[in-house]
Structures are given as C-alpha cells and as structure tokens.
Number of protein chains: 2
Amino acid sequence: MSLSEVLEATQHAIRENPATAAVSFAARHQLVPNTNTLVDVTIRDHKLTVDEPPVLGGADTAANPVEYALAALGSCHAITYQAWAAKLGIQLDSVAVHVDGDVDLHGFFGLDDSTRPGFGDIRVRVDVTGPESSQRYAELKRQVDEHCPVLDLFRHQTPAKTELFVNP
Amino acid sequence: MSLSEVLEATQHAIRENPATAAVSFAARHQLVPNTNTLVDVTIRDHKLTVDEPPVLGGADTAANPVEYALAALGSCHAITYQAWAAKLGIQLDSVAVHVDGDVDLHGFFGLDDSTRPGFGDIRVRVDVTGPESSQRYAELKRQVDEHCPVLDLFRHQTPAKTELFVNP
C-alpha cells in the first residue's frame with residue numbers, strides 16, 4: 001500500500017469508530033548507576049540513551065534531553081510534511097528540516113527567577129524539492145503548521161502532572 | 001570531579017560572565033528516500049533515527065516523534081533530579097521516570113478542528129530511592145518541577161517560527 005492508502009485506511013477506521021483515535025504513548029527512563037547523567041530509555045521495543053556534555057556533568061555519549069526535544073520536533077515536522085503531502089496529493093521529492101533552539105542556563109540553575117529553564121526561542125527551517133507550484137507547497141506548509149503534533153506541543157501549553165514516590 | 005563540583009564550576013563561570021549561559025542547540029533531519037516515514041537525525045556527532053508504526057505508514061524501525069518527545073521529558077526530568085540533588089546536597093541512590101501521554105489522532109489528521117494535534121495530557125511518575133527524609137525529597141521535587149527545561153517546554157508556550165524553502 002502507498003502512504004496515502006495507509007493513512008486513508010487509518011482515517012477510515014477512525015471515522016467508523018472514533019474511539020480508535022485515542023492513543024497513548026509511554027517511555028521509561030532509568031538513570032544508569034555510577035554515572036552522572038547517563039539515562040537508559042525504553043520505548044516499546046526501542047532503546048536509546050541520553051547524556052549531557054561535560055560542562056553539564058556528563059560524558060557526552062549521546063545527545064542531551066533538549067536536543068532530543070528538537071529531534072522530536074524536526075522529525076515530527078518532516079513526517080507531517082510527508083503525510084499531509086500524501087493526503088493533499090502533492091508530490092514531494094525530498095524533505096530536510098533544520099531546528100535551532102536557544103536556552104539560557106540561568107533558568108536551569110535557578111540563578112535568575114525571571115529566566116525560564118526551557119527554550120526561549122526555536123527556529124525551524126524546512127527545505128523541500130518537488131515539481132509542484134510554490135502555491136501548492138505554501139498550502140502544504142499551512143496544513144503542517146496546523147497539524148504537526150510536536151509543533152503543537154512546543155507552541156501551546158500541555159497539562160503535565162508530576163508525582164514522586166520515595167521507595168525503601 | 002564530582003557532579004556537584006562540575007555544576008558548581010559551570011555556575012561559577014556563568015556568575016563571572018553571564019553571557020556564557022546563553023547556549024544554542026541544533027538538530028538536522030532528512031527524510032530517507034524511498035521510505036514513508038524514516039528520518040535520519042544528526043545532533044553534533046550523534047546520530048539517531050525516527051520512524052512511525054505501520055498504522056501511521058512506517059516500518060516501526062525506531063520510536064516515533066511523540067515518543068521521542070516523551071523521552072526528552074523523562075530523561076530531562078531524571079537528570080534534573082540528579083543535578084538538583086547534587087546542588088542541594090541530597091543523596092539520591094536511584095531515579096526512574098515513567099512518562100505517559102495521550103494523543104487524539106483526530107487532530108493530526110485534521111478530522112476535527114477542535115482537537116489539538118499534540119498531547120492532550122501527560123503524566124510523569126518518578127521513583128527514587130535514598131536515605132533522606134521524605135521532606136528532603138519533596139523539596140527536591142519542588143525544585144525539579146520548577147527548573148526542568150523540558151517540563152517547562154511542555155507546560156508553557158514556546159515561540160517556534162517555521163520557514164519553508166522550495167528548492168529547484
């Protein structure tokens with residue numbers, strides 16, 4: 001099946017039974033013993049690791065959490081371009097996405113209460129190639145900006161509850 | 001150097017020269033030719049891949065973008081526990097973080113304009129062990145909830161500008 005056929009089948013299933021659209025995702029994380037900042041992550045059958053550069057106490061064996069956040073945004077954006085191009089019947093020959101973000105470490109270290117710990121600004125640059133008119137790609141951009149899940153996460157508040165359990 | 005010594009040195013450098021606190025991060029992404037949803041990601045010297053499960057058109061060779069977003073949150077949370085425990089002089093023997101998030105696919109597919117494409121709700125469960133009083137760990141939780149960069153990203157709006165370039 002082509003991508004547009006797969007996505008049409010999924011949308012058809014949702015229209016038939018709207019409850020199938022409600023999906024949950026999960027990730028488990030364990031700080032690796034005898035390291036400062038190495039984290040093992042398990043997502044279904046997929047494993048990855050996260051670390052920090054030396055200036056933040058790590059050994060730089062992997063990208064750090066805010067870099068993973070940028071990767072979530074950039075990959076989501078690339079896939080949403082691909083999916084919405086298929087949905088709109090727009091031919092897309094290649095998609096590259098470059099994401100930059102700025103952090104002021106005064107926030108993380110609690111050195112200035114007026115500085116947020118997260119990103120102050122994010123820039124997403126998308127480069128595409130393909131045979132369609134620039135109007136068609138501009139329409140694709142409008143749809144992607146409205147429907148990219150991780151862009152929505154960045155641009156809007158999301159309720160996130162935290163609970164701590166202290167175990168013996 | 002211990003973690004608290006490294007972090008104290010970094011904070012000292014920031015106090016001496018506040019401009020050193022302004023840091024930028026970047027990630028580059030390329031949709032892999034002849035795949036539906038496989039994305040190659042480059043972050044400095046680190047490489048990773050992102051994919052989608054079959055129902056979203058992919059081959060499930062890697063976690064998907066919203067799962068990477070959860071991994072960014074969970075790993076950031078674990079490392080912020082470790083860093084702030086070092087900063088506050090609180091002994092922490094282990095940290096595990098479990099993150100769950102709900103998505104309603106009506107949003108991504110544009111099937112319902114009132115449904116956001118991103119997460120509707122996120123739950124973060126932290127399990128720690130260590131010899132300190134529960135009051136000390138509750139104080140640690142308060143500081144982490146205030147200073148975790150990716151939790152801040154989830155809980156608050158972040159400006160994210162997108163630009164599209166159509167190349168020949």
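**Terms and their grounds**

Modeller: Let us begin with a pair in the sheet: Asp40(B) has Thr49(B), in β3(B), as its bridge partner. Please bear in mind that this is a predicted model.

Colleague: Why are β3 and β6 of chain B said to stand at the edges?

Modeller: The open sheet has six strands in the order β3(B)-β2(B)-β1(B)-β4(A)-β5(A)-β6(B), and its pairing is mixed. Because β3 (46–50) and β6 (160–167) of chain B each have a single partner strand, one side of each is left without a neighbour in the sheet. From one strand to the next, the twist averages 20 degrees.

Colleague: Which strands does α2(A) touch when it packs on the sheet?

Modeller: Helix α2(A) touches β4 (94–104) and β5 (119–129) of chain A, together with β1 (22–31), β2, β3 and β6 of chain B. The direction of α2(A) makes about 35 degrees with that of β1(B).

Colleague: Why is α1(A) called roughly perpendicular to α2(A)?

Modeller: The axes of helix α1 (residues 3–16) and helix α2 (residues 65–88) of chain A cross at roughly 85 degrees and come within 9 Å. Angles of 65 to 115 degrees count as roughly perpendicular, so α1(A) is roughly perpendicular to α2(A). Helix α1(A) contributes Leu3(A), Ser4(A), Leu7(A) and Gln11(A) to the contact, and α2(A) contributes Gln82(A), Ala83(A), Ala86(A) and Lys87(A). By class, the contact has four nonpolar, three polar and one charged residues.

Colleague: How do you know that His77(A) is buried?

Modeller: His77(A), which lies in helix α2 of chain A, has a relative accessible area of 0%. Buried means under 20%, and His77(A) is therefore buried. Leaving aside neighbours within four places in sequence, the contacts of His77(A) include Val97(A), Val124(A), Cys148(A) and, from the other chain, Thr162(B).

Colleague: What makes α2(B) a mostly covered helix?

Modeller: Of the 24 residues in α2(B), 21 are buried. Helix α2 (residues 65–88) of chain B reaches 34 Å from its first C-alpha to its last, close to the 34 Å expected at 1.5 Å a residue. Just after α2(B), Gly89(B) takes a positive phi of about 70 degrees.

How values were computed. Residues are numbered from 1 along each chain as its sequence is written. Chains are lettered from A and ligands numbered from 1 in the order in which they are written. This is a predicted model: local features need pLDDT of at least 70, side-chain atom pairs count only at pLDDT 80 or more; totals for chains, interfaces and linings use all residues. Side-chain values use heavy atoms; hydrogens and water are left out. Axes are lines fitted to C-alpha atoms, for helices over the stretch in contact, and angles run from 0 to 180 degrees between N-to-C directions. Helices (H or I, at least four residues) and strands (E, at least two) are DSSP runs, numbered from the N terminus. Angles under 35 degrees count as roughly parallel, over 145 as roughly antiparallel, 65 to 115 as roughly perpendicular and the rest as oblique. Contact means heavy atoms within 4.5 Å. Ala, Val, Leu, Ile, Met, Phe, Trp, Tyr, Cys and Pro count as nonpolar, Asp, Glu, Lys and Arg as charged, and the others, Gly among them, as polar. The expected span of a helix is 1.5 Å times one less than its number of residues. Buried means under 20% relative accessible area, exposed over 50%, partly exposed in between (1.4 Å probe, protein chains only). Two strands pair if DSSP finds at least two bridges between them.
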